[in-house]
Amino acid sequence: MALEDAKKQIDVAFTREDRRGLAFENAFGGATSFLRRRYTKDLTGVDLAITGVPFDQAVTHRAGARFGPRAIREASALQPYDPPYGWGFDPLSDFAIVDYGDLAFDYARVADFPDALTAHIAGILGQGPGTVSLGGDHYITFPILKAYAEKFGPLSVIQFDAHSDLWADDDLTRIDHGTMMYKAVKTGLVDPKTSVQIGIRTECDDYLGVQVIDAREVHEKGAAAAVARAKAIVGDRPAYVTFDIDALDPAFAPGTGTPVWGGLASWQAAAMLRGLAGINMVGGDVVEVSPPYDTTGATAIAGAHVAMELLCLYLWNKRQST
């Protein structure tokens with residue numbers, strides 16, 4: 001890039017006018033918007049909005065995921081120089097993607113948080129774009145699903161996770177990342193028969209009809225078989241993809257609240273996310289990145305890559321129809 005061109009690109013998180021195109025600023029400087037997209041609340045003509053949800057007050061053990069959105073954004077600065085590998089198209093140049101910033105909420109009024117998040121996501125969906133959310137602990141998926149179900153009806157969910165999050169809890173006022181999927185199924189936001197969990201390796205008494213592809217099955221039968229089964233389960237129904245970073249083995253993502261050995265390798269996760277291309281994905285999130293427990297930054301890097309794959313997965317069908 002020529003010097004004069006470089007000067008025009010200073011801090012594109014604030015100065016970018018065209019919402020499409022790669023970014024070539026130094027990865028170690030500038031504002032940490034996701035993939036160097038522009039920070040904006042103007043969603044005119046936008047295809048996809050990235051938003052952060054820095055909430056971790058629903059964890060059962062180690063807090064710290066409130067720092068996840070910031071760390072994922074910072075790690076994403078390594079990626080916007082080239083089209084993502086293996087997808088065959090360039091979503092950053094072909095589509096209008098923005099960073100909508102973080103949900104603002106009062107940390108001392110935890111009971112108000114779920115409705116605030118639902119309204120936040122509904123406000124974006126009401127203007128047309130889909131969302132990829134950066135967590136935050138996994139409870140955030142429940143209020144997000146409320147907003148999506150209001151628009152699309154009961155959803156199919158593809159959940160990458162070490163835990164089912166299906167532990168029984170009929171008290172909707174409890175805010176717990178280990179029961180969010182139970183509540184989503186029980187309140188009719190999610191159709192369990194057309195939903196699937198991938199990477200599970202902890203016990204659950206009742207999966208409520210949700211299909212399970214546990215980590216051992218992925219290891220023994222392969223990523224391609226897991227993808228084929230997941231696609232058959234979900235079909236062409238509106239699908240929401242949620243990726244708990246603890247789906248990855250702690251060797252690949254130690255910075256999370258409840259790490260469990262025996263998990264997915266990063267290459268398996270990448271292969272499965274790319275293999276899901278063609279599903280009717282309406283939104284997604286990556287959650288439980290907890291930077292305080294990973295001084296290397298590897299977990300945030302994994303989270304940024306997952307978010308990029310979700311972005312590609314969401315835009316795949318749009319690309320096919322243009």
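Residues are classed by relative accessible area as buried (under 20%), exposed (over 50%) or partly exposed (in between), with a 1.4 Å probe and protein chains only. The structure is a predicted model, in which local features need pLDDT of at least 70 and side-chain atom pairs count only at pLDDT 80 or more, while totals for chains, interfaces and linings use all residues. Residues are numbered from 1 along each chain as its sequence is written, and side-chain values use heavy atoms, with hydrogens and water left out.

The chain holds 11 helices and 8 strands, taken as DSSP runs numbered from the N terminus (helices, H or I, at least four residues; strands, E, at least two). Its C-alpha trace spans about 60 × 45 × 40 Å along the principal axes. Of the 322 residues, 57% count as buried. Contacts (heavy atoms within 4.5 Å) with a separation of 6 or more come to 74% from residues 24 or more positions apart.

The 8 strands form an open sheet in the order β2-β1-β3-β8-β7-β4-β5-β6, with parallel pairing; two strands pair if DSSP finds at least two bridges between them. Strands β2 (97-102) and β6 (211-214) lie at the edges, each with a single partner strand, so one side of each has no neighbour in the sheet. From one strand to the next, the twist averages 15 degrees. Strand β1 (residues 48-53) pairs with β2 in the parallel sense over 4 bridges, and Ile50 stands opposite Asp99 in β2. Helix α3 (residues 68-76) packs on the sheet and touches β1, β2, β3 (130-135) and β8 (281-287). The direction of α3 makes about 110 degrees with that of β3, where axes are lines fitted to C-alpha atoms, for helices over the stretch in contact, and angles run from 0 to 180 degrees between N-to-C directions.

Salt bridges (a side-chain nitrogen of Lys or Arg within 4 Å of a carboxyl oxygen of Asp or Glu) number 10. One of them joins Arg73 to Asp99, with the closest N and O atoms 2.7 Å apart. This pair links distant parts of the chain, with Arg73 in helix α3 and Asp99 in strand β2, 26 residues apart. Both Arg73 and Asp99 are buried.

Asp106 forms a salt bridge with Arg109, the closest N and O atoms being 3.6 Å apart. Asp106 is partly exposed at 38% relative accessibility, whereas Arg109 is exposed at 54%. In the salt bridge between Arg174 and Asp169, the closest N and O atoms are 2.6 Å apart. Arg174 is partly exposed, at 38% relative accessibility, and Asp169 is buried, at 8%. Salt bridges with shared partners join Asp169, Arg174, Asp176 and Lys183 into one network.
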